[in-house]
Amino acid sequence: MKTLERLVLAHLRPLVSSFMDPLQFAYQPDIGVDDAVIYLLHTSLTHLEKAGSTVRIMFFDFSSAFNTIQPRLLWDKLQLAGVDHHLTTWILDYLTHRPQFVRVQGFESDRLLCSTGAPQGTVLAPFLFTLYTADFSYNTPSCHLQKFSDDSAVVGLITDGDDREYRGLIQDFADWCLRNNLQINAGKTKELVVDFRRRSHSPPAPVSIQGTDIDTVKSYKYLGVHLK
């Protein structure tokens, strides 16, 4: 089955290449974790060289992201990306009516059919998730959203305390996640504020997501790298 999935992936990838988010660093040829970390650090540190500058980074945490993919929504995204009807139908069939059961010490539970999410440990699931999230992207000189699979971060390059674009992007992304059944875990989502200004300034007002004020942390482990 994995051999078949690799053949499907090799056919699917070039079909949707123009649709993919350019700031999605996972499961792309010749791009990886290092590129995601370097991009975040480069944009942040370059901005901090300017007077009156701060950087705010919102690190989103999702609850079982791969398990919440809605195949019917993915169908629409595949159509939008220009994937032909036959391949789209095959992928929908691949994701729906999957029998699942639990086996413990020789005993098996009843079988249930699952039609939500992507099966874990498969070849196609990670790429299908990046495709599922590709229709929300954002990148301006002062704010961007970057992704590594389900590790998503909004980076706001703030000048003179004006964080309106940063807050607006976070709200838009949270609304998009709600429409696409991606569940943000607001309790585990964290914000890192980097401020090298010599004069002391009061901390910025917290950002609220789904009625929860996001905690501000002094350090965060992003893709294996500790940021402070």
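Predicted model: local features only at pLDDT ≥ 70, side-chain atom pairs only at ≥ 80, totals over all residues.
The protein has 228 residues, and buried residues account for 46% of them. Its secondary structure consists of 6 helices and 14 strands. The C-alpha trace extends over about 65 × 40 × 30 Å along the principal axes. Among contacts with a separation of 6 or more, 71% are between residues 24 or more positions apart.

Six strands form an open sheet in the order β6-β7-β8-β1-β9-β12, and the pairing is mixed. Its edge strands are β6 (139–140) and β12, each of which pairs on one side only. Helix α2 (residues 33–48) packs on this sheet and touches β1, β6, β7 (143–148), β8 (151–159) and β9. The direction of α2 makes about 150 degrees with that of β1.

Strand β9 (residues 190–194) has 4 of its 5 residues buried, and is thus mostly covered. In the strand order β9 stands between β1 and β12. On the β1 side, strand β1 (residues 53–60) is joined to β9 by 5 bridges, and the two run antiparallel. Within this pairing, I57 stands opposite L192 of β9, and V55 has V194 of β9 as its bridge partner. On the β12 side, 3 bridges join β9 to strand β12 (residues 215–217), and these two strands run parallel. Here K190 has D215 of β12 as its bridge partner. In a regular strand, side chains alternate between the two faces of the sheet.

The helices come next. A packed pair of helices is described by the angle between the axes and the distance between them. Helix α3 (residues 71–80) packs with helix α4 (residues 85–95) at an angle of about 160 degrees, the axes being 10 Å apart. Angles over 145 degrees count as roughly antiparallel, so α3 is roughly antiparallel to α4. The crossing of α3 past α4 is right-handed. On the α3 side the residues that meet α4 are P71, R72, L74, W75, L78 and Q79, and on the α4 side they are H85, T88, T89, I91, L92 and L95. Sorted by class, this contact has 7 nonpolar, 4 polar and 1 charged residues.

Which residues of α3 are buried? They are P71, L74, W75, K77 and L78. The cover over the buried residues of α3 includes α1 (2–16), α4, α5 (124–132) and α6 (164–179). After α3 comes G82, which has a positive phi near 90 degrees.

Helix α5, one of the elements covering α3, is itself largely enclosed by the rest of the structure, because 9 of its 9 residues are buried. These residues are L124, A125, P126, F127, L128, F129, T130, L131 and Y132. They pack against α1, α3, α4 and α6.

How does α5 sit against α1, and at what angle do the two helices pack? The angle is about 20 degrees, and the axes are 10 Å apart. Angles under 35 degrees count as roughly parallel, and α1 and α5 are therefore roughly parallel to each other. In this pair α1 passes α5 in a left-handed crossing. From α1, the residues E5, V8, L9, L12, R13 and V16 meet L124, F127, L128 and L131 of α5. By class the contact comprises 8 nonpolar, no polar and 2 charged residues. The four α5 residues in this contact, L124, F127, L128 and L131, are also among the buried residues of α5.

The last stop is a loop residue. T68 is found in the loop between β1 and α3. Is T68 buried or exposed? Its relative accessible area is 8%, and buried means under 20%, so T68 is buried. Apart from neighbours within four places in sequence, T68 is in contact with S63, T116, G117, Y132, N180, N181, L182 and Q183. One of these contacts, Y132, is a buried residue of α5.

Definitions and conventions: Residues numbered from 1 in each chain as written. Heavy atoms only, no water. Axes fitted to C-alpha atoms, helices over the stretch in contact; angles between N-to-C directions. Parallel < 35°, antiparallel > 145°, perpendicular 65-115°, else oblique. Left-handed = near helix turned anticlockwise from the far one by under 90°. Contact = heavy atoms within 4.5 Å. Nonpolar A, V, L, I, M, F, W, Y, C, P; charged D, E, K, R; others polar. Buried < 20%, exposed > 50% of the residue type's maximum accessible area, 1.4 Å probe, protein only. Pairing = 2+ DSSP bridges.
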